[in-house]
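Me: Can you walk me through this one? I'll ask as I go.
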Amino acid sequence: MNRFDTFATTMLPSASKCVQELLLTFAFSLASTWADDLSMFPYHDYCIIGAGPSGLQMAYFLQHASRDYVVFERSHMPGRFFALYPRHRKLISINKRYTGKANREFNLRHDWNSLISHDSRLLFRHYSPDYFPDAGAMVRYLKDFASLLHLQVHYNTSIIHVTLEKDPKAWNGHYFILTDQNAQLYKCSVLLVATGTWVPHKVNFPGSEYVEGYESVSVDPEDFVGQSVLILGRGNSAFETAENILGVTNFIHMVSRSRVRLSWATHYVGDLRAINNGLLDTYQLKSLDGLLEGDLEDLVLVKDKKGKLHITLRFYLENRNSSEESVTLPQDELDNFATRAPYDRAIRCLGWKFDFSIFNKSVGLMHGKGSKKKYPLIKPSYEAKATRGLFILGTASHSVDFRKSAGGFIHGFRYTARVVHRLLEVRHHGIPWPSSTHPIIQLTNSIVKRVNEASGLYQMFTVLADVILLKENATEFEYLEEFPVGVLQDLEWRTGRKVQNGLFVIMMEYGRNFSGPDKDVFYYNRAVGEAQHAWQSNFLHPVIYYYKRLPTEREMRLCPPDWPLPRPDAIHHIVEDFLTDWTAQNAHILPLRRFLENCLGIDLRRFYAESCFLFALTHQKLPVFCQQGYMRRQGLLGNERLRHHAVEAGLLEDTAAVVSLKEPEEGNAFLHDHLLEDRMMPDHHLQHLMSTKDEL
C-alpha cells in the first residue's frame, strides 16, 4: 500500500461528504501525476464494472482468451440486482427445459437465462424446474458461474468515479482511471461498463412526495387489504405489482403516458408479458380496475385531511386564486371525471435508468436521445459515441435495439457481449473474426443449418447476422457468424476479413407490418404457407440479402427506417414455418438454392457420379459439384457395375474379353481411363440417360 492509500484509508471512514469530495479531487490530481508509474496503482488491459450477467459473460470470454482483465463488483456477490428485483421474485425470462432436441445451440433459443460457456453444468435448467423461475435461482446460478469458471472478480469494490487520462502510448490514445470507495486507483486501457440500469426512474410533480417507489413498497398483500391503489406506469413492474395485490384491493387504477404495449403484439420481450396481465382482464370485464393514459407531469396529487389522495391537474393548480387554500378538483367541474374516487396509496413503477453519476465529464459519456435517454449514447458496435475504448454491455446497451430485439435481456446480450469481445480481439490483438471456409457446393446446406440451429440469430433478430463472403470465381465461401449489421460497412477492418466477390447477409426478421401495439396479431390467415408468398411472411423467418459489393457508410445511413439494411442486389425470404423448422425440401430448401444459383450464376445441385460422367461428355462447363468432386477423381471409380451400365447405354464397346487379359491392377486403370475417354454417342442414348433421376 502506498502513502496515499494509507492516508485515504485512515481518513475516509470518518470523513464527511465534503471531505470525501476533497479527497477524490486530491486522488485525481495524484493520478495525473503518477500516470507514467504503473507500479503506483494496479493496471489491467480490460476493466469491467459490474458482476451481473453481462459482466460475467464478458469476463468469461476474456478469460477464455487469456486476456488481462478484472471485474469490479460493489456487492459481496455477483448478480446483486437479482437479489433485490423483481420485488415479487418471479422472473419473466422463460426456462424451457425440454424441446425434444439434444442440440445445445438450438436449445438456447428457448433458454433465456443461461450464459454462454463450455461447462454443461452451467445451464440454467439445472437450477430451476420452473418455466418462470424464482429470482433466487438466478442469484445461485450467477454465483456458480463466477466461482466454477474462476472468474477474476473483486467483490466489495464500488467504483465511484471514472475519469480519462490522455496518453499517446495507450491503445486508444488514453487510459481510464477508476477510483473505488477506499480511494484506491485503477488504470485500464479498455473500460467495459456492465452496471445495467438500476437507478429508479422518477417523475417530479406536485404531490409526488406522497408516492411510494416500486423499489421500497411492501410486497405483502395483507398491507393492501381493502385499499384503493393508484399505480403510475404500465410496464411489467407495474403489472407485476398489480398482480400481487389484485385480489385484496378495492380497485387498482393504472396511469401512464401511453397505451399498454403487449409483447405478443409488438414481438418485443420488454413489453407487457402475459404472465402479468391479469389487470387487463378485470379492466375489460369491468370489475372495477382500470387503465388510463395521461402525461404524468400534468398530474397533481392532493392529500385531504383524512389522508386520502386525490388526482387533479396542474392546470387547476396554476390557475387557482392565490387566496384560495384548497385546490380545485376536476370533478368539481366535471362530475363524471374518471379518477374522481380517492386513493389510499400511490405507487411509482416507472422502470430504471443508467447511472451516469460516476463518470467524469472527460469520459464524454452522453445520454441517448428521445425514448432512449435513459441509456448511454453508443454506436451499433456498443462503443461509446464519443469515447474510444469505452464499451457498454448488457441492459445498458439496449439503446442499439430498444423495442426491436432482445439486446436488453440475458438471452440477447449474452451474444452482444461476444460481439464486443470479437471486435476487441481484432482491434487490439490482431485475431480475425472467427470464420470457416467451405467449397461453394456447401453454401445451401450451411445456410439451412444455421437458420435452423443458431440461437444468436434467432434472439437478436435484425441486429446480428451471419455474413458469407464469396471467394474468387465463387468456388469457395467464408462464413462469419453473428456480426452486428449496424456496422456492416466497416466489416473488413472490424473483422480482418476481405470482401472480394460479393456477400450474403443472413438474418431473422418479422413481417414489416405485423408488429405494433395497435396490431391484431391473431387475425385469420395471419400466416403464409406457400413459398411464392414468402416475402409476405409475418412471423419470424430467415431473410437472405445479396450484395455484389459491401454497402457504403452513406448507404447504411440512408437506409429506410423499417429496413435493417440498405436495398440489396437481391433478397430472398424463406417462408415462415409453424414449427420454425426450415428443412422442407420444396417449401424451404429448393427456393433457397435457386435464389443462390441466380445470384451466383452457377449450378449448386449435387449429382450422382454417373451424371457427372455424362455431363463431362456432353457439356463444355460442368456443374460445380462435378468440378469439385468427380473431375478430381472423388466421385466416379471404375467398377463392373458401371462398365455394364456404359455398355448397355451404348457408351462403350464390350471390352470384357480385353480386360480379362490384363493384370488386375492394369485392368482397373484401363477401365478407369476408358470410361473417361471423350467418345461420341447417339442422341437416343443421351435422351435415355437424361430421363433418369440424376439429382440427389
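Reply: Terms before the tour. Contact means heavy atoms within 4.5 Å. Helices (H or I, at least four residues) and strands (E, at least two) are DSSP runs, numbered from the N terminus. This is a predicted model: local features need pLDDT of at least 70, side-chain atom pairs count only at pLDDT 80 or more, and totals for chains, interfaces and linings use all residues. Residues are numbered from 1 along each chain as its sequence is written, and side-chain values use heavy atoms, with hydrogens and water left out.

Me: OK, what do the buried residues of H6 pack against?
Reply: They pack against H3, helix H4 (80-84) and helix H11 (410-429). Buried means under 20% relative accessible area, exposed over 50%, partly exposed in between (1.4 Å probe, protein chains only). Among the buried ones in H6 are Met-138, Tyr-141 and Phe-145.

Me: What sits at the start of H6?
Reply: A side-chain oxygen of Asp-134 comes to within 2.7 Å of the backbone nitrogen of Gly-136.

Me: And just after H6, which residue has a positive phi?
Reply: His-150, at about 55 degrees.

Me: Switching to H3. Where is Gln-57, buried or exposed?
Reply: Gln-57 lies in helix H3 (residues 53-64). Gln-57 counts as buried because its relative accessible area is 0%. Beyond residues up to four places away in sequence, Gln-57 touches Leu-115, Ile-116, Arg-414 and Ala-417.

Me: How far is Gln-57 from Phe-145?
Reply: They are 88 residues apart in sequence and 9.1 Å apart in space, C-alpha to C-alpha.

Me: Last one. Where is Ser-381?
Reply: Ser-381 is in the loop between strand S15 (352-353) and strand S16 (390-392). Its relative accessibility is 0%, so Ser-381 is buried. Leaving out neighbours within four places in sequence, its contacts include Phe-391, Val-420 and Arg-494.

Definitions and conventions. Polar contact = N/O pair within 3.5 Å; in protein donor to acceptor, adjacent residues only side chain to side chain.
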